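Biologist: Before we discuss any details, could you bring up the model so that we can go through it together?

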Amino acid sequence: MLVEKMREVVKGRLCPRNAEHFSFHDDPPLKGGRRLGKRRPRVDIAIERAAPGPRPWFQFEAKRLKTPRHVAAFLGRDGLGCFVSGRYGADLRDVGMLGYVQARKVSEWAFEIEQRLESGRSLHLMPTGAPAWKARVLGSALPDTFHSMHDRARHGLVNVFHTLFRCY
């Protein structure tokens, strides 16, 4: 549904400047890895620059946030772990995590994610000694966005922009 809304905005009269140069993909299969065909890994949402020249991508993995166990999924192997391991976005410097908040306040989820990030050594947070989770202002449409940076040994650093959407 989110990709459909993005496409509607680009087709509309109020399309933001230069947004018409992007295409939006829902659940696209990714190249690489051992699995082929329908079994290939699939990132939840991908945005591609569709103008002449290099065609950079921005990928998002999305997870719901309804019960405390959902934070583990958000940060786990099939959530943030996909980007940290390089399974998704190995060639990308910037990626995104979307949290669909279905209960409680966004601020409560942000606090819980921050606490788990800072205690989870397996997520290779960078830089060490600095705050792991920082609020980022990406405009009035995305007020609940945060940033973390992770060191992917074989793939270099990755900036992760975490946006939490209230969905109730």
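Biologist: How many helices and strands are there in the protein chain?

Modeller: This is a predicted model, in which local features need pLDDT of at least 70 and side-chain atom pairs count only at pLDDT 80 or more, while totals for chains, interfaces and linings use all residues. Residues are numbered from 1 along each chain as its sequence is written, and side-chain values use heavy atoms, with hydrogens and water left out. Helices (H or I, at least four residues) and strands (E, at least two) are DSSP runs numbered from the N terminus, and read along the sequence they give the pattern α-β-β-β-α-α-β-α-β-β-β-β. The protein chain holds 4 helices and 8 strands.

Biologist: What radius of gyration does the protein chain have?

Modeller: The radius is taken over C-alpha atoms, and the globule rule is 2.2 Å times the number of residues to the power 0.38. For 168 residues a compact globule would have a value near 15 Å, which agrees with that of the protein chain, 16 Å.

Biologist: What percentage of the residues in the protein chain is buried?

Modeller: Buried means under 20% relative accessible area, exposed over 50%, and partly exposed in between, with a 1.4 Å probe and protein chains only. Of the 168 residues in the protein chain, the buried ones make up 39%.

Biologist: Is asparagine 159 buried or exposed, and which side chain does its own side chain join in a polar contact of 2.9 Å?

Modeller: Asparagine 159 lies in strand 8, which spans residues 156-166. Its relative accessible area is 9%, so asparagine 159 is buried. A polar contact is a pair of N or O atoms within 3.5 Å; within protein, one must be able to donate a hydrogen and the other to accept it, and residues adjacent in sequence count only if both atoms are side-chain atoms. At 2.9 Å, the partner of the asparagine 159 side chain is histidine 147.

Biologist: Which side chain is joined to that of histidine 162 by a polar contact of 2.8 Å?

Modeller: Histidine 162 is also found in strand 8, and its relative accessible area is 0%, so histidine 162 is buried. Not counting residues up to four places away in sequence, histidine 162 touches several residues (contact means heavy atoms within 4.5 Å), among them Phe74, Trp133, His147 and Ser148. The side chain in the 2.8 Å polar contact with histidine 162 belongs to serine 148.

Biologist: How far apart in space are histidine 162 and alanine 110?

Modeller: In sequence, histidine 162 and alanine 110 are 52 residues apart. In space, C-alpha to C-alpha, the distance between histidine 162 and alanine 110 is 9.3 Å.
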